[in-house]
Amino acid sequence: MTTDCAIEAAGLEKIYQPRFRNRQIRALSNVSLQVPAGVKFGLLGPNGAGKTTFVKILVSAVRPTAGTARLFGKHATEPEARRPVGYLPENHRFPTYLTANGMLDFYSALSGMEPRDRKRRIPELLDLVGLKTWGDARIKKFSKGMLQRLGLAQALIHKPKLLLLDEPTDGVDPVGRREIRDILDRLTGTGVTVFINSHLLSEVETFCEYVAILRKGELALQGKISSLVAGRGFQVACSPLPGPAMDRLREIAASVSVTEDGIEVQTESRERANAVIDVIRGAGGLIESVTATNSSLEDVFIRVTRSEKAA
Amino acid sequence: MNEELTRSRLNVLVALIADTFEEARARWLFWGLFGLSTLLIGLFLFALNIDLSVGAISVMDLPQTARPVYNIHKFVNVSYSWTSLFLYIWGTFLAIFASSGLIPSVLEPGRISLLLSKPLQRTTFLLGRYMGNLLVVALNHVYLILGIWLILGYKTSIWEPRFLLAIPISLFMFAVLLCVVVLVGVVFESSALSVMLAVALMLLSTLLAQRDFVIRLLDSEWSRQLWMVLYWIVPKVYDLGYTMKQIVLYDRQADWLTPVWTSAAFGIAALGVALSIFRKRDF
């Protein structure tokens with residue numbers, strides 16, 4: 001347990017048991033993930049990969065079947081763990097009977113803010129998200145883009161240390177997306193950890209520093225985006241390796257993914273590629289290929305999500 | 001630190017209650033309840049002004065009647081008692097209908113997950129919603145019953161404070177039935193089913209309360225026992241209403257404790273199950 005980690009998931013598993021049905025749905029399987037405090041982190045994955053379930057476990061809306069999730073060292077199920085968290089859910093439904101002021105006042109009260117602080121922060125936040133003149137308007141009159149910005153204001157109002165955004169630009173036009181990104185850009189350097197759950201690769205590539213990819217409920221890849229899409233790197237393919245060698249590879253490589261045929265290791269430099277080869281040979285593995293790469297996040301995503309098994 | 005935490009929790013509870021109130025207002029439930037109550041108050045005003053009522057009171061006051069004052073009091077007390085029973089049934093029915101949607105609406109995906117992401121216990125959240133609902137109905141009950149008491153008192157010049165017992169008793173029974181509405185809302189997220197079950201319990205309670213008569217008709221011991229078990233389990237909507245009517249009539253023998261504690265036990269159990277399910281549910 002470390003408090004310099006904003007998010008710490010260990011062996012998370014979630015199996016949904018639909019009511020009155022025998023069929024179980026495995027949404028997450030043994031997902032372990034660490035997000036350092038203060039970084040911008042993107043969680044990618046195709047539809048149904050388990051991204052939303054993962055975020056819902058973090059905010060305790062969903063209980064894991066196994067494993068634990070911690071926020072700044074505290075168990076996510078403890079209410080106090082969620083105090084420094086701002087959350088914008090996917091397909092949110094804000095109470096349409098409230099005005100923008102009323103909505104922000106309600107959610108900030110639930111976040112534990114005093115009435116005096118709420119009164120001061122609400123106009124500030126409405127100004128930040130470009131809705132200064134809409135405070136007294138009922139939110140049923142808001143467009144999708146305005147609702148997203150209001151949702152962001154709601155997530156930011158109590159000055160959270162961790163911002164969890166589930167598909168923040170989903171259904172928003174390009175101008176609205178840009179506005180949301182501009183708001184998020186203003187958080188740079190403030191020490192706020194931003195965790196974005198998205199299937200929009202360009203958005204994550206532009207904004208985030210770290211990324212993880214979920215595939216069929218399993219963590220397929222995790223690393224620094226600059227390393228994964230490094231101008232020139234090397235991909236080493238080899239036969240399957242035992243556990244300790246895999247752990248060593250994860251320490252030195254940018255990413256490690258298990259494919260149908262074996263293992264694919266991505267490295268950022270020639271030196272790292274040689275170190276990887278040493279580990280593989282030392283563990284008795286067979287090198288299949290060594291390829292110089294020049295990939296985008298999309299290449300990485302496609303390669304990882306097409307693989308059958310996860311690392 | 002503890003004081004700060006308590007204040008913060010209190011702020012959260014107040015916010016939840018206020019939000020429920022705001023939703024009831026925006027969904028016209030609040031205004032609907034008050035509108036119907038105003039209509040009923042208007043009907044009472046009208047009914048007490050027609051000749052039938054005035055004539056009946058005059059007859060009681062005739063000099064040849066043996067104890068005229070006593071008879072007027074009796075007549076008025078009987079009117080008070082029946083009116084209290086009517087308001088108890090009317091108020092509880094309307095309150096159930098008005099409250100049925102307030103739990104399912106908050107459990108909608110995209111709304112509940114955001115609420116649960118806040119630093120509050122799930123128990124606090126559900127209890128805040130429950131209390132907000134209760135407050136809406138309490139305001140309506142006070143308005144309706146107090147209004148009719150004022151009309152009856154003004155018209156007859158007999159102010160019977162026992163009539164006002166209809167407020168806490170109606171509210172108590174609504175609080176019990178609201179536990180069922182909450183339970184059904186949490187499990188099935190259906191407002192229609194909540195109403196159906198709560199109303200069914202009201203009707204069942206009336207049926208079960210006829211135990212002295214029905215038990216004589218039942219020929220097997222197990223069916224008699226089953227009837228009695230059901231009678232003790234189901235909240236005593238009928239019994240409490242009848243007891244209230246008797247208390248308004250100055251019946252000192254009326255047993256109010258049994259229907260209160262058995263109904264309260266049912267409500268607490270239903271709310272306990274609802275809270276337990278709500279704490280474990282995924283949203």
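Trainee: How much area do chain A and chain B bury between them?

Mentor: This is a predicted model in which local features need pLDDT of at least 70 and side-chain atom pairs count only at pLDDT 80 or more, while totals for chains, interfaces and linings use all residues; side-chain values use heavy atoms, with hydrogens and water left out. Buried area is the accessible area (1.4 Å probe) that two parts lose on being put together, summed over both. Carbon and sulfur atoms carry 53% of it here, and the total is about 2,900 Å².

Trainee: Which residues of chain A lose the most area to chain B?

Mentor: Residues are numbered from 1 along each chain as its sequence is written, and chains are lettered from A and ligands numbered from 1 in the order in which they are written. Contact (heavy atoms within 4.5 Å) takes 33 residues from chain A and 32 residues from chain B. Three residues together account for 25% of what the chain A side buries: Arg93(A), Tyr97(A) and Leu110(A).

Trainee: Which residue of chain A meets Asp282(B) in a salt bridge?

Mentor: A salt bridge puts a side-chain nitrogen of Lys or Arg within 4 Å of a carboxyl oxygen of Asp or Glu. Two are counted between chain A and chain B. In one of them the N to O distance is 2.5 Å, and the partner of Asp282(B) is Lys14(A).

Trainee: Which element supplies the largest share of the side of chain A that touches chain B?

Mentor: Helices (H or I, at least four residues) and strands (E, at least two) are DSSP runs, numbered from the N terminus. Strand E1 (5-16) and helix H2 (100-110) of chain A each supply at least two residues of that side. The largest share is four residues, from H2(A).

Trainee: In the open sheet of four strands in chain A, what is the strand order?

Mentor: Two strands pair if DSSP finds at least two bridges between them. E12(A) and E13(A) (residues 263-267) run antiparallel and are joined by four bridges, including the one from Ser255(A) to Gln266(A). Strands E12 (255-258) and E14 (287-293) of chain A pair on one side only, as edge strands. The pairing is antiparallel and the order is E12-E13-E11-E14.

Trainee: At what angle to E12(A) does helix H8 of chain A run?

Mentor: Axes are lines fitted to C-alpha atoms, for helices over the stretch in contact, and angles run from 0 to 180 degrees between N-to-C directions. H8(A) (residues 243-252) lies across E12 and E13 of chain A. Its angle to E12(A) is about 140 degrees.
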